[in-house]
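The entries follow in the order I looked things up.

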Amino acid sequence: MFLLYVLIPIVQSVWISFHDWDGLGEKVWIGIENYVELLDDDTFYVSLKNNVLWLLLYLLAIPGGLAVALFLNQTVFGIRLYKSLFFFPFVISQVVVGLMFTWFYAPDFGLFSALIEWLTGEQVAILADERFVTYGIIVAGLWPQTAYCMILYLTGLNNINPEQVEAARMDGAKGLKLLWHVILPQLAPASFIALVVTVIGSLRSFDLVSIMTAGGPYGSSQVLSYFMYEQALSEYGFRMGYGAAIAVVLFLIMMVFITVFIVRMLSQERNG
């Protein structure tokens, strides 16, 4: 199954990237011309810059998820209801999230727009402004991603050794000192998984861009995955070879991070 659905498609994508192909006719071998063209394509650099921005800001989901998990890891009245409310963003579709935030940012009736108008006296069309559109989409993505990290950390908090916590408290550790020296080291496996999933999720960002802006305005919110789709698979896309070249570049970027994560995981297992 892994060979059929993962390895073979990767090899096929690399092979297609060296051809000029519309997806139906004969493939024409053009070597590295797709990659050379990609290096001269301004949209590629906009997409790459936005992917880096996604990667940097998406990492905020990890401390955000940890903070929410620490808040919910209490035995107070109504805590199950609070957990359900914070868990809700994770179970709804990315399409629904995109539509909700599109309405949230809408200049005429959106709550965010109304808040900005109340504070500044002016309306701001987040999704129509080249300066803010990528940040607006990333915030929409952070909402469910933070909920996912929260779930990972809640699971980790349930497995913390209470004896170590009590011993640290008896030694006078509390607050941030207790969190940093006792709790966070025991949450290392959860942090590792949260980091891997968040990094890969930021590089694979497609759904929200497609639903909220379709890469606009004027291509300013493009990311590599949507750029690839637009070139190869959209209504007017016919350049399968060029789209495959974009996919290969995105795959290589992901492989850098995945390799680092795997090497670190193996070294931790050897040390353990």
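Predicted model: local features only at pLDDT ≥ 70, side-chain atom pairs only at ≥ 80, totals over all residues.

Residues are numbered from 1 along each chain as its sequence is written, and side-chain values use heavy atoms, with hydrogens and water left out.

**Entry: a helix pair**

I noted that two packed helices are described by the angle between their axes and the distance between the axes. Helices here are DSSP runs (H or I, at least four residues; strands are E, at least two), numbered from the N terminus. I looked up α5 (residues 79-91) against α8 and read an angle of about 120 degrees, with the axes 7 Å apart. The axes are lines fitted to C-alpha atoms, for helices over the stretch in contact, and angles run from 0 to 180 degrees between N-to-C directions. The two helices are therefore oblique to each other.

I then checked which residues meet, with contact meaning heavy atoms within 4.5 Å. From α5 come Phe-86, Phe-87, Phe-88, Pro-89 and Phe-90. They meet Trp-143, Pro-144, Ala-147, Tyr-148, Met-150 and Ile-151 in α8. By class I logged eleven nonpolar, no polar and no charged residues. In that scheme Ala, Val, Leu, Ile, Met, Phe, Trp, Tyr, Cys and Pro are nonpolar, Asp, Glu, Lys and Arg are charged, and the others, Gly among them, are polar.

**Entry: the cores**

Which residues touch the most other members of the largest nonpolar core? I found Trp-54, Ile-137 and Met-212, in a core of 42 residues. Such a core is a set of buried Ala, Val, Leu, Ile, Met, Phe, Trp, Tyr and Cys residues joined through side-chain atoms within 4.5 Å. Buried means under 20% relative accessible area, exposed over 50%, and partly exposed in between (1.4 Å probe, protein chains only). Helices that each supply at least two residues include α3 (42-58), α8 (133-158) and α11 (188-203).

I followed Trp-54 beyond its neighbours within four places in sequence. Its contacts there include Ile-137, Ser-202, Ser-205 and Val-223. I did likewise for Asn-51, which sits in helix α3. Asn-51 counts as buried, because its relative accessibility is 2%. Leaving aside neighbours within four places, Asn-51 is in contact with Ser-202, Leu-203, Ser-205, Val-223 and Leu-224.

I picked Ile-10, in helix α1 (residues 2-16). At 27% relative accessibility, Ile-10 is partly exposed. Its C-alpha atom is 8.8 Å from that of Phe-251, a residue 241 places away along the chain.

Most residues other than glycine have a negative phi, and most peptide bonds are trans. I looked for exceptions. The peptide bond from Gly-216 to Pro-217 is cis, with omega near -5 degrees. Pro-217 is in the loop between α12 and α13 (224-232).

Ala-214 has a positive phi of about 55 degrees, and I place this residue in the loop between α12 and α13. Ala-214 is partly exposed at 37%. Tyr-218 also lies in the loop between α12 and α13. Its phi is positive, near 55 degrees. Tyr-218 is exposed, with a relative accessible area of 79%.

Conventions: Parallel < 35°, antiparallel > 145°, perpendicular 65-115°, else oblique.
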